[in-house]
Amino acid sequence: VDAVYLDDEKEREEYVLNDVGIVFHGNIEDIKSRSWSYGQFEENILDACLFLMDKAELELSGRGNPIKICRVASAVINSRDDNGVIAGSWNNSYDYGVAPSAWTGSVDILLEYYSSKQPVRYGQCWVFAGVFNTFLRCLGIPARLITNYSSAHDNNANLRLDFFLDDEGKVDTRLTKDSVWNYHCWNEAWMTRPDLPVGFGGWQVVDGTPQETSDGMYRCGPASVQAIKHGHVCFQFDAPFVYAEVNSDIFYTRVEKNGTQVVEKIDTTRIGQLIVTKEVGGDGMVDITEEYKFREGSDEERLALETAVMYGVKKQSIQETTYQPQTDVDMDFQAQKAVLGNDFKVTITFRNKSHNSYTATTYLSGNIVFYTGVTKSEFKKHSFSAKLEPSSTSSFDIVIKSSEYMRDLLEQASFHFFVTARINETGKILAVQKVLMLEIPTLRIKTKGELVAGKEASVIVEFTNPLKQTLENVTLRLEGPGVLRTIKKQFGRIPMNSTLTWEVKFFPMRPGLRKLIASLNSDALRHVYGELNVQIQKP
């Protein structure tokens, strides 16, 4: 019996044979997608993938075992502790390497590693997941790339992310160690699990992004999705970590001057709100949250949590801390759609459901964050006193100017707003946090004339600089599996409002429906993509 047999023909075509895929990114309120070229059938890719098993020193007898293959591959995909394929970098400086956002697919990375035997710089989660997917499909293991929105990176697997507030209700960045990733990508691989009880085969989580160590190495999985859903986190490998990524709660804890900790708010719904993958046979998104967890608040969900706790997932009971939230006032935070380089406004709304008048001392902190939720800098501080009339709603607008955020902006153009308000009459604190992504312009791709396999054709990539500044050190990349090998071109600069045009001549390799994928990278602007479906005729 084949350990990785998938009986649906359409699924086999997608999960083993499709050489392009979609990465869903952005954040829960603003889902973005981009194409990724897996290229598992391109020249020398099979050799490069077999080399990874040599590199991981996987004994020959283990090379027919998908469980072992996935376990060692999840370690060798990242460079931590074994000089593996990709060096991660999350700090926005990518000297002597390629920015993670510039890659358009796995082929260049695997071929560079195969020839240099040195880690390729640099990757972030979707790059690790994209390359892992190529590896798995290349070896005939059905695989798909998964995105978990609002993913918990919980440092001590206690199903609790702590955001600490100081005495006045402002976030204390010094004490707060846990973070919520806007999204995190991993992979699922399809296989039987003869090492586990019946019923835990099928899709398994494997993750090549180095977050925490497992048995002494940076690796994660394979962990049965079914086991995670039912809370059976005792089954190998790394199920408690994945369970926490999709199920943690956020605690807002105020630390009083004498050190007493008071829990002001618990958010049980934000983490793992949406888990998605690309649909079979198309570019759409499918919601697979239900594969990982029962409906929030259902009896089955409670039972799964109790099971996970029984099997050693730490869950702090709320009895240890005093918790009496302010229930008669709701606070909400909205931000208008914002385009990179423009001003925009955010709105804080209070709904006072009581018959009392309240005043709320309100703090807004706007931070420029990495997509991992880690703050780079606070660019906006604003506080005001809000008068809340009985049984009424009051809204307050705050304008965010582009001059406030442009200097420190990071590549995924992501902001994290923290709003806390202290009701002066009761001393209670309201807290809300929101991620906002700016709209980043796209590349335009078009072809000239008709495309015939083996005949010269031409493709044009265009981009207009939307910023109020010149873009420096601009690099473009273009690739398409079965159409053309990656081409890179450097342009010195693009002045503001001016348009860059790049024409590439090429010979399409194989007939059929194909995809061209392009990216633009520069000092001030990254994560710029474009793509085009092309039909290549038979000669």
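How close do the axes of helix H2 and helix H4 come, and at what angle do they cross?

**Entry 1: the model.** I am working from a predicted model, in which local features need pLDDT of at least 70, side-chain atom pairs count only at pLDDT 80 or more, and totals for chains, interfaces and linings use all residues. Residues are numbered from 1 along each chain as its sequence is written, and side-chain values use heavy atoms, with hydrogens and water left out.

**Entry 2: H2 and H4.** I looked up helix H2 (residues 45–55) and helix H4 (residues 107–116): their axes come within 9 Å and cross at roughly 55 degrees. The axes are lines fitted to C-alpha atoms over the stretch in contact, with angles from 0 to 180 degrees between N-to-C directions. On the H2 side I listed Ile45, Asp47, Ala48, Cys49, Phe51, Leu52 and Lys55, which meet Val107, Leu110, Leu111, Tyr113 and Tyr114 of H4; contact means heavy atoms within 4.5 Å. I sorted the residues of this contact into 10 nonpolar, no polar and 2 charged.

**Entry 3: Thr347.** Next I located Thr347 in strand E17 (residues 344–352). Thr347 is buried, at a relative accessible area of 18% (buried is under 20%, with a 1.4 Å probe and protein chains only). Apart from neighbours within four places in sequence, I found Thr347 in contact with Asp332, Phe333, Gln334, Ser395, Phe396 and Asp397.

Note on methods: Helices (H or I, at least four residues) and strands (E, at least two) are DSSP runs, numbered from the N terminus. Ala, Val, Leu, Ile, Met, Phe, Trp, Tyr, Cys and Pro count as nonpolar, Asp, Glu, Lys and Arg as charged, and the others, Gly among them, as polar. Buried means under 20% relative accessible area, exposed over 50%, partly exposed in between (1.4 Å probe, protein chains only).
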